[in-house]
Each structure stands twice: as structure tokens, then as C-alpha cells.
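I opened my notebook for a slow walk through this one. Here is what I looked up, in the order I looked.

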Amino acid sequence: MKMKKIILSAVFLLSSLILFSNCSQSSGVKKTVAKGAAAKDTTKKVAAVAKDTVPVKVTYPPLDKHLYDSLMKRLAHGDTTGRWPVKNAPYPLPGAILPFKRVVAFYGNLYAKKMGILGELPPKEMLAKLAGEVKNWEKADPQTPVQPALHYIAVVASGSPGKDGKYRNRMPFKQIDTVLKLAQKAHAIVFLDIQVALSNIHAELPLLEKYWMMPNVNCGIDPEFSMKDGSHPGKKIGTYDAEDINYVSNYLAGIVRKNNLPPKIFIVHRFTKKMVTNYKNIKLHPEIQLVMDMDGWGEPSLKDGTWHYFIKGEPVQFTGFKLFYKNDLKKAPHHMLTPQEVLKKTPYPIYIQYQ
């Protein structure tokens, strides 16, 4: 009950910040390739990881560089700016999910229905809805297989300071384990998302190391709740610099190498310019697949502007797009973009998140 009460304060914080963030926004490969991607399926089933145990060592097939290049070119979706695909990016280690599959994720926290679809619906109903969205994306883009995912907020920004005054709450491992079990039922991968508030990523990231050692667990960080100036989360939008993002990449890359893991997908949420500073200094690694995720909500025209300026216009490696079942409907034309509409974006988003 104590944790539920704590999470309620975080829900109110997120609700107010959603309103704030909306106001602050300024705005071919043939079927044989898909067959090849399936043949080169780099996300083969990994033996289930028992609690607090080291994953079974898996040997992944070598990367097909020709197929990888062709899929990256397809993701660029006819870009004429010269930005996409990103130049001089390293090839990933064997076992990479992107760009061979598109990830479709449900986001949220099991303690709070208002944080996202992951916690809003009963587990069985939620997994069925996720399966339905997977089918929608497979239908919209038959050439790209879909990998389902659960994107769970493991460190939650809070409206109350807590004992240490950091305005964030770390979720119990027991709940993370529950998410892992749900993901196993859906053949899904998992993302653990971190909202540091008045803490910092150096303090929070290592505390989840036993999960980073698992091959099916990936990472997300949210600059919106990184309050470097000491402001309380919800009062303004936070920020991360390339230096912070590089720290996470370096840390995770070391775990991948040490434990013979497939590359980790690393999500960075963004909907304003100041949320990510010095993006050109972000370093890429063979062990990490970095996705800049367009996290803003609102009417289609507003989301288009955010995408154009802060995702397409400032390329890093891969792109993501977030869809809100409720908040995207609040303003006219009261419409959440369909997969077919999202696929009109340049470049193609390869990570899709529903909240």
C-alpha cells in the first residue's frame, strides 16, 4: 500500500507535466528480403532466465552486412537530405534486433493505471491488445517483422521528495520480475525506463545491473525528468547532454561484451530541443542500438513538427515514435495516427511505443 500511495503522487506529477510538455513543443526491399530477415532472425528464443541467475550463453549467427545495409537504406524512406541513413555508424554485434524487426511496445507501470497502457488494463487484456497492435503493424508493413515489447517505468519521478529528497521512486525488483513473466507470455522483450528527477543516471543505472545482464532486457532514459538545475519534476522539462547518453551507452556496452549478449536497444525520449543537448557528440557502439524516440503528444500537425525538428532533423542512429491512446485525442481532429500514417514519416520509425 505504501508503494501505491507513492506512485499516486507520481501519477499526478505526470498528468500535470503532460499538459506542460504539450504547450512547450514547437511543434524497396522485396518480400525476399523479409524472408532473409526471418532467416537471419537475430532474436532467436533465448532460454528463460531464472530469478537472479546468469543467462545461458547463446551463439548468435553472424551479421549479414549486405542485408543490414539494404534495410537501413529502406528505413531512410527516400530521404534526400543526406542525413539518413546515418553515416559512419558501426555495424552491430550479432544478435541485433534492429533493423531486422520493428519493435512495438506498451509503456507504463503496474502500480498506476494513468501512467500508460501497460498498467491500465488487466494483464491478460493488455497482452491481447498488444498482440492486436503487433498484427496492425505487420499488416501496415508486411516486409518488416514485429517484435513485441513491454516498456516498464522502473524509476518513477515523483511529486514528493522521499526520504533522500530526490523526488523519484525505485520500483521493487518483485514488480520488475512480474513484468518479465508477462513478457515471456507474449514472447516480448523488456525495456526498463529511468526517470532520475533530482537523482542522476550515474546513481540509478547500475542499481539495475542484474537485469541489464539479461539478453531480453533493454534500456530507456527520459530527459524530461532529469532535473539538473534542482527544479522539482513537473515544474519544467528536464535535460540530458550527450555526455549523459554516452555514459549509459558505455556502461551497457561493457555489460554486453562481458556477458556475451546481443546488442542492447537504448531508447532516449525527446520532444524539445533542450531535452537533448550536443547530439552530434553522441557516440555509437556495436553493442548498442540507439533510438531517439519522438515522445510528444497532441494533434497530428504538432507531432509532425516535433518529428521534423528534433528527430529527423537531428539524426543519431534509429528513430522511434510514440502514440498516446488518450492524449493524442484531446485536441481536434481528435485522432491518433494509424500505423499507415506513421509510416509516411521519413525516416521510417523502427520503434513504436503506445502509452
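Entry 1: I began with asparagine 88, which is exposed at a relative accessible area of 79%. For this and later entries, buried means under 20% relative accessible area, exposed over 50%, and partly exposed in between, with a 1.4 Å probe and protein chains only. Asparagine 88 has a positive phi near 60°, and it is a residue other than glycine. I found asparagine 88 in the loop between helix 3 and strand 1. Helices (H or I, at least four residues) and strands (E, at least two) are DSSP runs, numbered from the N terminus.

**Entry 2: ground rules.** I noted that this is a predicted model, where local features need pLDDT of at least 70 and side-chain atom pairs count only at pLDDT 80 or more, while totals for chains, interfaces and linings use all residues. Residues are numbered from 1 along each chain as its sequence is written, and side-chain values use heavy atoms, with hydrogens and water left out.

**Entry 3: the overall count.** I counted in 11 helices and 11 strands. Of the 355 residues, 57% count as buried. The protein exposes about 15500 Å², of which carbon and sulfur atoms supply 56%. Those areas come from the Shrake-Rupley method with a 1.4 Å probe; for residues, only the protein chains shown count as cover.

**Entry 4: helix 3.** Which residues of helix 3 are buried? I listed Leu67, Tyr68, Leu71, Met72, Arg74 and Leu75. Seen down the helix axis, these buried residues fall within an arc of 155°, so they line one face of helix 3. The arc is that of the directions from the helix axis to the C-beta atoms. I reminded myself that an α-helix has 3.6 residues a turn, so residues three or four places apart point the same way. The face turned away from the buried side of helix 3 carries the exposed residues His66 and Lys73.

Then I checked the ends. Aspartate 64 caps the N-terminal end of helix 3, with a side-chain oxygen 3.2 Å from the backbone nitrogen of histidine 66. I call this a polar contact: a pair of N or O atoms within 3.5 Å where, within protein, one must be able to donate a hydrogen and the other to accept it, and residues adjacent in sequence count only if both atoms are side-chain atoms. Just after helix 3, histidine 77 takes a positive phi of about 55°.

Entry 5: Next I looked at the second largest cavity, with a volume of about 90 Å³. A cavity here is a set of points, on a 1 Å grid over the protein atoms alone, where a 1.4 Å probe fits but cannot get out; lining residues have an atom within 4 Å of a point. Grid points are joined across faces, edges and corners, and the volume is the space filled by probe spheres set on the points.

Which elements each supply at least two residues of this lining? I found helix 3 (65-75) and strand 10 (318-323). Among the lining residues are Met72, Leu75, Trp84, Pro85, Phe318, Thr319, Pro347 and Tyr348. By class, the lining has 10 nonpolar, two polar and no charged residues. Ala, Val, Leu, Ile, Met, Phe, Trp, Tyr, Cys and Pro count as nonpolar, Asp, Glu, Lys and Arg as charged, and the others, Gly among them, as polar.

Entry 6: A cis bond joins tryptophan 84 and proline 85, with omega about -5°. Proline 85 sits in the loop between helix 3 and strand 1. Threonine 346 and proline 347 are also joined by a cis bond, with omega about -5°. Proline 347 lies in the loop between helix 11 (339-342) and strand 11 (351-354).

**Entry 7: strand 7.** Where does isoleucine 267 lie? I placed it in strand 7, buried at 0% relative accessibility.

Definitions and conventions:
On a 1 Å grid over the protein atoms alone, a cavity is a set of points where a 1.4 Å probe fits but cannot get out, and a pocket is an open set with protein on both sides within 12 Å along at least five of seven lines; lining residues have an atom within 4 Å of a point.
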